[in-house]
Amino acid sequence: MTGEIFRKYLSKPQEKPGDIGSSIRGITEDATGKVWACSYGYIRSDTAYMLHQIDPLSGLTRHMVLYRQKNIPGNEVIPYKVLFSKSQVYAVTDGTQFLHIDPGNGKYTRVEFPFVSGRGFTSFYKLNDHTFWMGTWGGMAAIDTRNLKPVLLNDKAGRYIKNERINYFMAWSRNRVLVSTVNGLYVLNQDATIEAHYGQSPADKIKLPALQIFHTVWHENALWAASGQGLIRIDTVQKKTRLFTIHDGLPDNNIYAALPDELGNLWLSTNKGLSRFNTRTQKFHNYGLSDGLPHTEFNHGSYLKAKDGTLYFGGLNGIVSFDPARLDTRSDKEHALQLISYSKYDADRNKADTTINYKAGGKIVFNPSERLFAFSFMSPDYQNTAINRFRYKLEGWNDDRWQMFESGNKLLLNSLPPGKYKLRVQVSVAGADWSAREWQAPVEMAAPWYRSPWFFILSILIIGIFFYLFYRYRLSQILHIQQIRNGISADMHDEIGSTLSSITFYSQALLMQMEKSEHQQVVQKIKENAQQVQEGLSDIVWSVKAGSDQIDDVFARMFSFGNGLAESKGIAFHFQTDPLLQKMKLDMQMRKNLYLIFKEAMNNAAKYACCSTIHVDLRHENGKVKMVSKDNGVGFDRELAKKGNGLANMQQRATQMKGKLMLETTKGGGTTITLVF
């Protein structure tokens with residue numbers, strides 16, 4: 001690009017980067033093709049000119065000072081934007097005034113709006129030959145040139161745009177007007193009432209990704225909106241939007257205008273230069289001072305597409321104009337990208353290390369103690385390094401989107417979690433689109449020793465050995481306890497059991513030899529007591545002996561006892577168990593209490609119930625064991641039963657089992673004993 005392509009008006013050479021010239025506001029075109037511009041004062045011969053007329057054919061510029069008539073009080077006005085209605089010239093000021101200008105002598109008449117919210121007018125639109133709409137910092141105003149009576153819509157009742165800054169008016173379909181505001185887009189009818197709104201409210205039919213809209217244009221079958229957060233493409237049919245930002249190639253997200261050319265491009269004015277956006281390829285090319293721009297910061301409302309296709313943009317140092325057809329928009333050359341060096345900070349050594357001899361394509365490995373990584377890149381293209389841009393993508397990280405470098409050509413990363421990544425870097429040289437020739441390198445962040453695979457395997461192995469040894473210890477303890485239990489059981493059976501058997505045998509022998517009945521009663525009592533002790537000892541030996549923990553063993557002993565007792569008494573015995581209980585295990589105390597409660601219930605039924613049938617049912621119910629013993633005997637008085645030891649012993653054993661024992665009986669109605677544990 002050269003200065004011959006970008007033509008400049010009202011600009012001055014900048015001695016240093018911070019210098020500004022004449023700040024340009026509204027730019028419009030009259031019926032003859034002349035361009036009118038407003039400024040904050042272009043100084044020539046010690047005079048500040050604020051209204052300018054440019055003749056594109058000759059390149060000459062006429063500078064004007066607006067003179068108020070003698071009967072109009074106040075200071076000089078600052079015009080903001082000029083519009084034309086037939087042969088008449090109108091303007092709004094940067095304040096609260098509507099002007100009717102005589103361009104021949106620079107004189108004007110004005111209408112002072114009684115109140116305009118905020119600092120004044122922001123935009124200007126000719127609705128028809130005699131009606132103008134004005135946007136303000138806080139709503140809308142209107143005026144009819146036939147009577148010059150101002151109207152503030154904030155003061156009118158109805159659905160009008162109120163208390164919102166208005167930035168731009170655009171003719172819309174079906175004789176409506178599309179209005180850009182700080183709260184999205186409004187579709188207005190000819191009477192300025194609101195027909196629709198596009199924004200971020202739940203009722204809006206089109207949801208916008210940004211609300212501060214500066215400018216809109218219809219181009220390539222889509223609505224494009226220049227916003228404070230990027231360029232928005234709006235599909236009004238499918239009601240879908242897409243936001244383009246600096247991550248896609250924009251030089252700045254603050255866009256003031258989007259003007260189309262005949263080549264499928266949109267030209268965007270920003271706070272960091274101009275950008276050419278190809279709507280078909282969706283690629284950006286950016287232009288700065290080195291391309292011939294007078295300044296990189298442009299202004300809101302300062303843009304124009306002339307009838308001949310020439311584009312005008314105004315900013316802090318005058319106006320730049322160009323014919324897009326004369327620009328070379330062919331594909332730019334691909335630019336290489338190189339890593340100058342990378343550095344890291346080692347916390348263990350409190351020292352930073354820098355590597356400058358990196359071999360292209362090699363793996364970059366960082367140790368667990370290293371952090372604060374810095375990569376420095378360069379492109380061997382020195383056309384305009386000041387506007388070179390870099391972006392990166394760290395694949396394998398939580399966010400795989402392209403991210404802009406925050407520090408020029410340096411990529412700074414604080415720390416990375418252990419893992420393997422792929423670092424990809426692209427460059428945009430001198431405002432061109434992102435180069436497809438990426439710099440790529442595998443990056444590995446080593447895990448600390450306590451997070452390494454071998455440490456994990458070793459930990460699992462140690463834990464496994466610990467549990468195995470613990471299991472072996474517990475198994476030996478259980479076997480030892482079982483040996484003790486079996487020893488006690490054998491000793492009791494062999495020693496005490498044999499002694500009791502001898503007592504029973506000798507008692508029987510004495511009974512056969514004695515003749516006196518009183519002696520026989522004593523010996524008979526000794527025999528019966530010995531048999532009872534022997535029977536009780538048998539139960540104790542069974543409960544102590546290891547190997548009988550399965551509930552099936554308990555059921556077998558219960559059935560054996562109950563069946564034998566019932567047969568001796570001539571009672572029908574029914575014993576039923578639930579298959580769900582077959583694999584259940586009971587500890588020594590639990591099975592002893594269960595058996596003795598059952599035995600007590602059977603003895604009571606056999607001795608006192610005078611029954612013909614006993615039913616015993618054991619089943620699994622609601623996660624617990626339930627035993628029900630029921631006979632069809634005569635029953636008994638529960639008050640009398642409380643005086644005996646049998647029921648009290650049964651209740652005590654049920655409590656030891658953390659269970660509940662229930663007794664139901666009536667005289668002549670049988671007895672039911674229920675145990676739940």
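Hi everyone. What we have is a predicted model, in which local features need pLDDT of at least 70, side-chain atom pairs count only at pLDDT 80 or more, and totals for chains, interfaces and linings use all residues. Residues are numbered from 1 along each chain as its sequence is written, and side-chain values use heavy atoms, with hydrogens and water left out.

Let me begin with the strands. When I say helix or strand, I mean a DSSP run, numbered from the N terminus: H or I over at least four residues for helices, E over at least two for strands. Two strands pair if DSSP finds at least two bridges between them.

Ile143 has Pro150 in β14 as its bridge partner.

Now please move along to another open sheet, also of 4 strands and antiparallel, in the order β31-β30-β33-β36. Its edge strands, β31 (351-355) and β36 (410-413), each pair on one side only. Here the twist averages 15° from one strand to the next. Inside this sheet, β30 (residues 338-346) and β33 (residues 370-378) pair antiparallel over 7 bridges, and Ser341 has Ser376 in β33 as its bridge partner. On to β31: 5 bridges join β30 to this strand, again antiparallel, with Tyr342 opposite Thr355. The hairpin of β30 and β31 has 4 residues between the strands, and Asn350 takes a positive phi near 55° there.

Next, have a look at β25, residues 273-278. How many of its residues are buried? The count is 6 of its 6, where buried means under 20% relative accessible area, exposed over 50%, and partly exposed in between, with a 1.4 Å probe and protein chains only. Strand β24 (residues 265-270) pairs with β25 in the antiparallel sense over 6 bridges, and the two form a hairpin with 2 residues between them. Trp267 has Arg276 in β25 as its bridge partner. β25 also joins β26 (residues 283-287) through 5 antiparallel bridges. That hairpin has 4 residues between its strands, and Gln282 in the turn has a positive phi of about 60°.

Time for the aromatics. The structure holds 42 aromatic pairs; rings of Phe, Tyr and Trp (its six-membered ring) pair if their centres lie within 6.5 Å, and planes under 30 degrees apart count as stacked, over 60 as edge-to-face and the rest as tilted. Take Phe466 and Phe467: their ring centres are 5.7 Å apart and their planes are at 75°, so the pair is edge-to-face. At 53% relative accessibility, Phe466 counts as exposed, and Phe467 does too, at 54%.

Phe575 and Phe598 are another edge-to-face pair, with centres 6.2 Å apart and planes at 70°. Phe575 lies in β39 (residues 572-577) and Phe598 in helix α4 (residues 588-608), so this pair ties together parts that are 23 residues apart in sequence. Are these two buried or exposed? Both Phe575 and Phe598 are buried.

Phe598 also leads us to the largest nonpolar core, which has 35 residues; Phe598 is one of those with the most contacts inside it, along with Met558, Val616, Met627 and Leu675. A nonpolar core here is a set of buried Ala, Val, Leu, Ile, Met, Phe, Trp, Tyr and Cys residues joined through side-chain atoms within 4.5 Å. Its largest share, 8 residues, comes from α4.

Last stop, the cysteines. How many disulfides does the structure hold? The number is 0, a disulfide being a pair of cysteine sulfur atoms within 2.5 Å. For Cys611, the nearest cysteine sulfur belongs to Cys610 and is 8.0 Å away. Cys611 counts as buried at 11% relative accessibility, and Cys38 is also buried, at 0%.

Methods:
Axes fitted to C-alpha atoms, helices over the stretch in contact; angles between N-to-C directions.
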